[in-house]
Amino acid sequence: MAGRFWRDLSLADTVVLLTSGVHEERLTALFILVGRFAKGDEGERGRIFEIVLANTDRINNWDLVDSSAPYIVGPWLMDKDRSVLDRLAESSLVWDRRIAVMATFAFIKAGDFDWTFRLGERLLRDPHDLVHKAVGWMLREVGNRDRAAAEEFLARRYRVMPRVMLRYAIEKFEPQRRREYCPVWSPMIR
């Protein structure tokens, strides 16, 4: 690999980086995969998707997930069977669950909120705050595009949502509207 530009790494060499024990090398591998996915043909995009799914245990930090899932997993699944997201959402690995939610960002950008709501419902009681933050963030992104759809989802769930999930979801709402969702938190909401 010495002397070559990172953009020129083969997929095999990129997988070596992705399986490294060094976080920054895994992040670099994901940046390479995202770039190649964006420019690749259907075959290469499929191989990259499979590489990501085969290595979710190495995509083991929020920045690794957030730098790859919305740009590889979500786009690959746009016109395909999305049931892999259900499997990831059921995983014991927090990173798999976050990958599932973050992948829906690609769908949200296309105006499709169903999987965000589906996974948001499934993960309402997830034990990990990094999943709460991801669900809240994706609900906020839905609200940025279709406030009524986001509020319809929130109306039936906001009382049982983890606090951080709700805070992320309503972050862009007007201060008065945020207070209506969480009057107890009013001193924190400006």
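Colleague: What makes Leu-139 a contact of Leu-154?

Modeller: The cut-off is heavy atoms within 4.5 Å. In this predicted model, Leu-154 meets that with Leu-139, Met-161, Leu-166, Ala-169, Ile-170, Phe-173 and Tyr-181, leaving aside neighbours within four places in sequence.

Colleague: Where does Leu-154 lie, and why is Leu-154 called buried?

Modeller: Leu-154 is in helix α10. Its relative accessible area is 1%. Buried means under 20%. Therefore Leu-154 is buried.

Colleague: How far is Leu-154 from Phe-117, along the chain and in space?

Modeller: The two are 37 residues apart in sequence. From C-alpha to C-alpha, the distance is 9.7 Å.

Colleague: Which other residues of α10 are buried, and what do the buried residues of α10 pack against?

Modeller: Besides Leu-154, the buried residues of α10 are Ala-149, Ala-150, Glu-151 and Phe-153. The buried residues of α10 pack against α8, α9, α11 and α12.

Colleague: Take α11 next. Which of the residues of α11 are buried, Val-164 among them, and what covers them?

Modeller: Val-164, Met-165, Leu-166, Ala-169 and Ile-170 are the buried residues of α11. Their cover includes α9, α10 and α12.

Colleague: Now Leu-139. How do you know that Leu-139 is buried?

Modeller: Leu-139 sits in helix α9. Its relative accessibility is 2%. The limit for buried is under 20%, so Leu-139 counts as buried.

Colleague: What is Leu-139 in contact with, leaving aside its neighbours within four places in sequence?

Modeller: Its contacts are Thr-116, Phe-117, Ala-150, Phe-153, Leu-154, Met-161 and Ala-169. As for Met-165, its C-alpha atom is 8.7 Å from that of Leu-139, and the two are 26 residues apart along the chain.

Colleague: Asp-86 counts as charged. Why is Asp-86 called buried?

Modeller: The label rests on accessibility. The value for Asp-86 is 13%. That is under 20%, so Asp-86 counts as buried. Asp-86 belongs to helix α6, residues 83–89. Beyond four places in sequence, Asp-86 touches Trp-115, Arg-118, Leu-119 and Arg-122.

Colleague: Which residues make the contact of α7 with α8, and how many are charged?

Modeller: From α7 come Ala-100, Val-101, Thr-104, Phe-107 and Ile-108. From α8 come Trp-115, Thr-116 and Leu-119. They divide into 6 nonpolar, 2 polar and no charged residues.

Colleague: How do you know that α2 and α3 are roughly antiparallel?

Modeller: The angle between α2 and α3 is about 150°, with axes 8 Å apart. The threshold is over 145 degrees, so α2 and α3 are roughly antiparallel. The crossing of α2 and α3 is left-handed.

Colleague: Which residues make the contact of α2 with α3?

Modeller: α2 gives Leu-33, Arg-36, Phe-37 and Ala-38. α3 gives Glu-44, Arg-45, Ile-48, Ile-51 and Val-52. By kind, the contact has 6 nonpolar, no polar and 3 charged residues.

Colleague: At what angle do α1 and α2 pack, and which residues make the contact?

Modeller: The angle is about 145°, and the axes are 7 Å apart. α1 passes α2 in a left-handed crossing. On the α1 side are Leu-11, Thr-14, Leu-17 and Leu-18. On the α2 side are Glu-25, Arg-26, Thr-28, Ala-29, Leu-30, Ile-32, Leu-33 and Arg-36. These divide into 7 nonpolar, 2 polar and 3 charged residues.

Colleague: What is the mean pLDDT of the protein, and where is the pLDDT below 50?

Modeller: The mean is 93, and 93% of the residues reach 70 or more. Over residues 186–190 the pLDDT is below 50. That stretch has 10 contacts in the model beyond near neighbours in sequence.

Terms used
Residues numbered from 1 in each chain as written. Predicted model: local features only at pLDDT ≥ 70, side-chain atom pairs only at ≥ 80, totals over all residues. Heavy atoms only, no water. pLDDT = per-residue confidence, 0-100. Helix = DSSP H or I, 4+ residues; strand = E, 2+ residues; numbered from the N terminus. Buried < 20%, exposed > 50% of the residue type's maximum accessible area, 1.4 Å probe, protein only. Axes fitted to C-alpha atoms, helices over the stretch in contact; angles between N-to-C directions. Left-handed = near helix turned anticlockwise from the far one by under 90°. Parallel < 35°, antiparallel > 145°, perpendicular 65-115°, else oblique.
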